[in-house]
Structure formats: structure tokens, C-alpha cells
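Please look over the sequence and the 3D structure below. A short briefing follows, grouped by topic.

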Amino acid sequence: MRNSYVSDVLAKVRERDPNQPEFLQAVEEVLDSLGGLLEKHPEYQQHQILDRVVEPERLVQFRVPWLDDTNTVQVNRGFRIQFNSAIGPYKGGLRFHPSVNLSILKFLAFEQVFKNSLTGQPIGGGKGGCDFDPKGKSDHEVMRFCQSFMTELSKHIGADTDVPAGDIGVGGREIGFLFGQYKRLRNEFVGILTGKPLDFGGSLVRTEATGYGSVFFACEMLNAKSQNISGKRCLVSGSGNVSQYTCEKLMQLGAAPISVSDSSGWVHIKDGMTADILEELKQLKNVRRGRIHELAEKFKGVDYHDTVRDADHNPLWAQTADCAFPSATQNEINAKDAKNLIAGGVKVISEGANMPSSPEAINTFLDAKIMFGPGKAANAGGVATSALEMAQNSARLAWSFDEVENRLKTIMKNIHTAAFEASKVYSWEGNYVDGANIAGFKKIADSMIAQGVV
Ligand code: NDP
């Protein structure tokens, strides 16, 4: 039965923001994990922590006007959501995608608060972005757009206030243009963005961190059951930053990625990805900015399938495999996909993307007691390495690849331990959804109480 304080707060959120389905989904998922904790800690209700934690501290929406290559004015809508700064400056990515709206960014910012807390680093939670679509735009158009976006954003961020990073549609190219404009406007060379290219303050391993971290988290879940990832066949979705480096780390550890996808379709790589296929994928997506079907045209044993709009399931998740790494976008696995994954033999799921599994899918995984690593824990390696980039920028140092990767590995191990231990105390052993939510929430709640009503 749902805790009565949780029910009250959820009802208020639903009443206040009825048109924000993704935000409501994320809030419900976190709050529903907290029943056991709230019973043992009545002070959280006494201080009305839930009422406060579901409300962003600050939210900025702004116009982003820019000129396209035909000198026509284009107007997009930009946002920055500064959700919670109880444990550090706001930190979280920027997403450039036509689907971006307040509901999606609020869900991402809310998730980010608990994820950042779980990393053990001093970073608060935020998120931002724009309904701009970088696909099909020239580099000059992307640059002019980024300059306009940063002209407003620069008024709200700062190295000790709010430090954005990349997300969908925001990679090294966009971060470079955004950083350049900030420096020009403020005449300051400071770490106000992470995910920067290496030549001007970026950290080694930041590009790889989310994908590598998601694989490390899967390894930790397997390790807790005395198993390992070597030899496992793995379904991977997406073909962007997270997907590419998930595939890379899986291959390094002797596992076989057998799929990747984009919004147009997916490819099945029957015998597992090779180094040549991965290299071509990086060229295709990061340099030529092409579509995933081109991979099947180049390699034997790679079959392409179009995305079927409005289908009731995604056939990518119906292939026989041992592990799954959803690494594209939110709600990409529905209840039917979840059943197909289990029927196909999948025993380990590590969410590289944010909220890729619907609530029904998550319940299916938990009921089946398979190893399920929620995004909040499994993909926290990206933001954790961003915090390492901030630390290097502040100290004007650059650590080696091995040093950063070892720190990332340790952070993912610690996140696993925190979620696993919390699951044992407040839920059932191995329920990483409850464990991650509780471990992340507790530090935020205690810090909010200590700081008074602010
Ligand atoms: P990229 O833009 O590099 O890649 C996104 C991939 O997902 C592309 O292959 C894209 O295909 C696909 N995709 C996006 N939207 C959809 C959609 N509606 N339907 C199907 N496919 C879609 O983004 P990232 O790899 O950085 O991000 C992927 C996920 O990981 C997101 O959920 C993000 O929030 C999460 N994440 C990212 C972190 C990071 O460090 N980058 C950190 C933590 C989480 P197409 O090109 O056709 O749009």
C-alpha cells in the first residue's frame, strides 16, 4: 500500500502539473520507493521534504532567435531548470531535440538530483535544453544557434552556480560553440561547461564515461551474483554517445553487442560487433552524421529493419540475448518489450538512457527478479566524470586516461554498493530501483533539513 504522505504529495503534483506526463512518471517512480524510509524517518514528513523536493528551485524559459543559412529568422524555445542545490552547484546536461518541452526537462532534472547525490560528489541537480533539431543543420547554423542560446544562458550559469554538460543532440561540437560564446561574453576562461574538448579543459574519459559506466554497473550487478560479463550477448539501442561507448567497453570485456539503432531503424549484428563495425559507427554518427541503415549496407551479417511507427513493441528487444543496454531515449521499452526481453533470455538490464523503461516494464523486471540497474544508478558515470572534469579545471590539472577511468570504476562500484545496501535495509535485496532512490534521496533530504527552509 502506498504511504499516505507520498499519496498526498503525488496528488498535489498531479493537480499542479497535469500536463507534464514525463515529470509525473519520474516523481511517482522516486516517491513510490520511499515508503519504507519515510516510516523509519518521520522527520522527513515533519520538514515537508517531499513537498519541497518536487518543486524546482528555479526555472528559466527563453527565446532563442537565430539566422539560418538562407538568412531567414528561426525562433526556438530554450530552458534551464535549476532543480536542487542542497549538496552542490546545479549540474546536468543540455538536450537539443525537437521533442524538448518543460515536462521532459523537469523529469530529467528531477532524476538528476538523486543521480548526482548517488555519485557521492558535491553536485546539485539541473537540466536544460531547447526544441532545436541539430539534424540536417550545417555547422554554421549550429554555431549561430549555440551562440544565441548561450547569450541568454550565460546570465544563469557559473562555475560555482550551475555547470551544464551535453545530452541528446549536444556533443563536443555544440559544447565547443557554447563555451566559445560564454568566454567571449564574459571574458572569463572558467569551467562553466563539462564535456569540453581536451584542448581546452576537457577531461579524458568524459566522452566514454556514461557508456563505460553503464557496463561497469552491469559488471557489479553480475559480480554480486558471482557471474561476469565475458561471453554475454548484449542488446544495445541508440547509436549516439552512450550507445557507442557501451559497445566499446562490452567488446573490451569480451562481451558481444548484437544491435544498435537510431530513430529511423535498428540493425541486428548476428555474430556480434567487431572493431571495424564500431569504428564505422563512430564515423557514421559523429563525423558524417548519417543514418544507421548505412551500417548494414557496408557489412555482411548486419541486417537493417525500419522502425515501425505506432507498433505495439520494438523487435530489437525481442532478440535472444543475455543482457540489454537501452541507450537511446525515455520510454523506449514498454510492458510488451519487457516481456519479450525476459522471454528472450535477458537476465541483466543496465539503463544507459534516462528512464528508458516504462513503469509497467520496470514492474515486469522487478517481478521477474532479474538484475535491473535503473538509469539513475547505471548511467551516473557521465555526470560523475563531469564532476571530475570540474575538479581538474579548478585545480588546473589534467589527469591521465587510466587515472580517470579507475576513478570512474570506483565510483560505479560505490554507487552499486550504496543502492544494494539500501535495498537490503528498506526494500528487498537486489531491488536497485528502491535502493538507488533511497540512497540518493537520503543525502538530499538530510542536507535540506540542515539548511533550513530555503
Ligand atoms: P546522442 O544524441 O548522442 O544519441 C541519442 C541516440 O538515441 C541517437 O541514436 C538517436 O537517434 C536516438 N534517439 C533519440 N531520440 C530518439 C527517439 N525518440 N526514438 C528513437 N531513438 C531516439 O545522445 P546520448 O547518447 O548522449 O544520450 C542517450 C540517452 O542517454 C539519453 O536518454 C540521455 O539523456 C542519456 N544520458 C546521456 C548522458 C551523456 O553523458 N551523454 C549521461 C546520462 C544519460 P537519432 O539520431 O535518429 O535521433
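Which helix gives the largest share of the shell around the ligand? Helix H10 (residues 241-252) does, with three residues. This is a predicted model: local features need pLDDT of at least 70, side-chain atom pairs count only at pLDDT 80 or more, and totals for chains, interfaces and linings use all residues. Residues are numbered from 1 along each chain as its sequence is written.

**Overall build**

- The chain holds 18 helices and 13 strands. Helices (H or I, at least four residues) and strands (E, at least two) are DSSP runs, numbered from the N terminus.
- The radius of gyration of the chain is 21 Å, close to the 22 Å that the globule rule gives for 454 residues, so the chain is as compact as a globular protein of that length. This radius is taken over C-alpha atoms, and the globule rule is 2.2 Å times the number of residues to the power 0.38.
- The C-alpha trace spans about 60 × 55 × 45 Å along its principal axes.
- Of the 454 residues, 53% count as buried. Buried means that 20 or more other C-beta atoms lie within 10 Å of the residue's own; exposed means 12 or fewer, and partly exposed is in between, with C-beta atoms placed from the backbone.
- Take the contacts with a separation of 6 or more: residues 24 or more positions apart account for 73% of them. Two residues are in contact if their C-beta atoms, placed from the backbone, lie within 7 Å.

**Two domains**

- The domain assignment gives domain 1 (56-190) and domain 2 (209-378). Such bounds come from an automatic or database domain assignment.
- The contact takes eight residues from domain 1 and seven residues from domain 2.
- On the side of domain 1 that touches domain 2, five residues are nonpolar, one is polar and two are charged. Here Ala, Val, Leu, Ile, Met, Phe, Trp, Tyr, Cys and Pro count as nonpolar, Asp, Glu, Lys and Arg as charged, and the others, Gly among them, as polar.
- The C-alpha centres of the two domains lie 27 Å apart.

**Around the ligand**

- The shell around the ligand has 22 residues, and Gly240, Asp262, Ser263, Ala353 and Gly382 come nearest. A residue is near a molecule or strand if its C-beta atom, placed from the backbone, lies within 6 Å of it.
- By class, this shell has four nonpolar, 16 polar and two charged residues.
- Domain 1 and domain 2 each give at least three residues to the shell.

**The core**

- The largest nonpolar core has 133 residues. Such a core is a set of buried Ala, Val, Leu, Ile, Met, Phe, Trp, Tyr and Cys residues joined through C-beta atoms within 7 Å.
- Helix H17 (residues 401-426) gives the largest share of this core, ten residues.
- At least three residues of this core come from each of domain 1 and domain 2.
- Ile444 is among the residues with the most contacts inside the core. Leaving aside neighbours within four places in sequence, Ile444 is in contact with Val53, Asn84, Ala86, Ile87, Val113, Phe114 and Ser117.

**Helix H2**

- In helix H2 (residues 21-31), the buried residues are Glu22, Phe23, Ala26, Val27, Glu29, Val30 and Leu31.
- These buried residues pack against helices H1 (4-16), H5 (49-53), H6 (102-118), H14 (359-367) and H18 (432-450).

- Proline 197 sits in the loop between helix H8 (172-186) and helix H9 (206-223). Proline 197 counts as partly exposed because it has 15 C-beta neighbours inside 10 Å.
- Not counting residues up to four places away in sequence, proline 197 touches Gly172, Gly176 and Gly202.
- Asparagine 187 is also in the loop between H8 and H9. Asparagine 187 has 7 other C-beta atoms within 10 Å, so it is exposed.
- Most residues other than glycine have a negative phi. Phi of asparagine 187 is near 50°, a positive value.
- Phi of asparagine 331 is positive too, near 55°. Asparagine 331 lies in the loop between strand E11 (323-325) and H13.
- Alanine 343 is in helix H13 (residues 335-343). Alanine 343 is exposed because 10 other C-beta atoms lie within 10 Å.
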